[in-house]
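Visitor: Hello! Could you walk me through this protein?
Guide: Gladly; let's look at it together.

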Amino acid sequence: MSKIRVYELAKQLNITSKSLIAQLKDLDIKIVNHMSTIDSEQAELIKELLNDETSENKVNQKYNNEIKKTENKKKDKGINKKEKKAYSKKQDENKNYASEKQNKQVNSNLENKELKKIKLPPSIKVGEFSDKISRPPSEVIKKLMLLGIMATINQEIDFDSASMIAEEFGYIAIEDKENNHQEDFIVQEKEDKPEDLVKRPPVITVMGHVDHGKTSLLDAIRKTKITQKEAGGITQHIGAYMVNINGEKITFLDTPGHEAFTAMRSRGASITDIAVLVVAADDGVMPQTVEAINHAKAANVPIIVAINKIDKSTASPDKIKQELTEYGLIPEEWGGDTICVPVSAVTHEGIDNLLEMILLVAEMQELKANPNKRARGSVIEAKLEKGRGTVATLLVETGTIHIGDAIVAGTAHGRVRAMIDDKGKRIKKAGPSMPIEILGLSEVPVPGETFYVVKDDKLARNIAEKNKEVIRERQLNQTQRISLDDLFTKIKEGEVKEISVIIKADVQGSIEALKQSLERLSNDEVKIKIIHSGVGAISESDVMLASASNAIIVGFNVRPDNNAQNLAEKEKVDIRLYRVIYNAIEDMQDAMKGILEPEYKEQVVGRAEVRQIFRVPNIGTIAGCHVIDGKINRNNQVRIIRDGIVIHEGSISSLKRFKDDVKEIASGYECGLGIENYNDIKEGDIIEGFTMIEVSK
């Protein structure tokens, strides 16, 4: 007996998979999803049943239309005399009510005739407000203090506070809607009616390990040669491409990796509908593949796995599927819900099947947008080009953008002077899910920034200026990300229900032990969720993921590199480093109980690189070092770091500059350094000097 998949039957019946699944469930036919199969006999019965229902609906619809036509004819003949009289009476009552209301308004205005009217925006600086009401700023600040508001001359106050003070000085404040800030503009954006929404193309992000064939796969889909144009065959920028598959459109984002994907998400841009994970059949699941899986899961995006390079003799798709199960991606044919498609970018085998699966998953998501309004979307990439000015790659999410539209993206504003599609052709308009390149912005916007089309240049300029002020304020009063120190307070206030943790360690065994121990600490109030784990040094990618997911990084026997450390300080990400596994568990436990009171904090004072090794009889190994950062002090504790992993911690036994003993060596100088009771130093090791400083409770 032959079988048919649900989505294939839906195609034959010319309905969506989702509606067919709902009807099958009503008929008590057990299915899991659109990939489930049913017998051919059942399929024939369903076809007959649905065809009968369709014809019955058509008859009912025709009958209802006839009734509506009859009712409309009756209305056209006019209302009878009795109805006319009642209607006339109602009109008179409305007129009297309106004139009474108008008289009341006039009387009210006469009572307040001594008050002057001034227009104020939703928020205004104290200095600007004092100019508008012709009063010195000191008087305004005094009045604000009486209201319990502590503000300086350059700080902003809201409309309600300003209107109360204006009244005391003989003014009536009226809110100026034209000068609304971007947030108010967003609020004014009306909710789309269901009938205005139309189907839009899905936006796909291609992710995976380096050299697994991400761009080559896109190359095969687009039937062009992107890879050959790129330096070293590696993707150097974010590209956005739209392809047409049997009348259906798909937008692909080809990124340099999951870092760009997460960097955009950390700025609030959630533009991806589906993530395609590319894994080489002859290589397997690599560290970057695991990171890509975790980044996609953290973003809550459906994953389709493309097992590439199946044309190679060493290819083993089943081995890849087996490895994927370890990370929670169980193929559909093994009873899971992850679609795995074997493909070859060289022979083009399986590509049609991959595209069909993408469209199928997109159909289940029911992606819709309203094209008949002002456009809104995200900045994918932006750069400054000689002779062209600012060139920004945008992805329209809703509405339609036209040549000449006033546009604002963060602190950048302008008018769309030219618009180019992904094939290099000049176009006049672009709708939802369409990637475009535009010219005309005042400055280079940040990738991931949301752009808006507004009514005119003046409003765009005002919003951009306001955004600059908001960014300045935010930098001065940066909100703290979650850290172990304030965790208990946030739990008590109900802000935290789930703690996201990233674990990095020197070996896989330590990761598993930490994972199990931390997850066991979860209780009814708070759940600990490990969103990513890996072996090796803490990288920028880890910090970016922690920033996007508001997570804490726990490092065991590893260190963050310089770039990661700087980024963590900038993004306010809490990195906790441990040498003993129980300390990590105890700290998390204490933080959840609210008794964590750190008294000492580690401060890294300098880093030196081992350039040469000297074996000295009766003394041991002396490291010939070059101080690359800060300074190394004789009294410092030191740790030896090899490939991002801590090898040893201890004290300095000797510190010399040429033949002289010295107390400290500054950055840029060479020195000879001995470590107490430790001789296994190698060239290329990093010696990090640190000290413990007391932190006030």
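Visitor: How many helices and strands are there in the protein?
Guide: This is a predicted model, where local features need pLDDT of at least 70, side-chain atom pairs count only at pLDDT 80 or more, and totals for chains, interfaces and linings use all residues. Residues are numbered from 1 along each chain as its sequence is written, and side-chain values use heavy atoms, leaving out hydrogens and water. Helices (H or I, at least four residues) and strands (E, at least two) are DSSP runs, numbered from the N terminus. The protein has 19 helices and 34 strands.

Visitor: What share of the residues count as buried?
Guide: Buried means under 20% relative accessible area, exposed over 50%, and partly exposed in between (1.4 Å probe, protein chains only). Of the protein's 697 residues, the buried share is 44%.

Visitor: How far does helix α11 reach from its first C-alpha to its last?
Guide: Helix α11 covers residues 287-298, twelve residues.

Visitor: Which residue with a positive phi follows α11?
Guide: Within α11, the buried residues include Val290, Ile293 and Ala296. After the helix comes a residue whose phi is near 60°: asparagine 300.

Visitor: Is phenylalanine 614 buried, partly exposed or exposed?
Guide: Phenylalanine 614 lies in strand β27, residues 600-616. Its relative accessible area is 39%, so phenylalanine 614 is partly exposed.

Conventions. Expected span 1.5 Å × (residues − 1).
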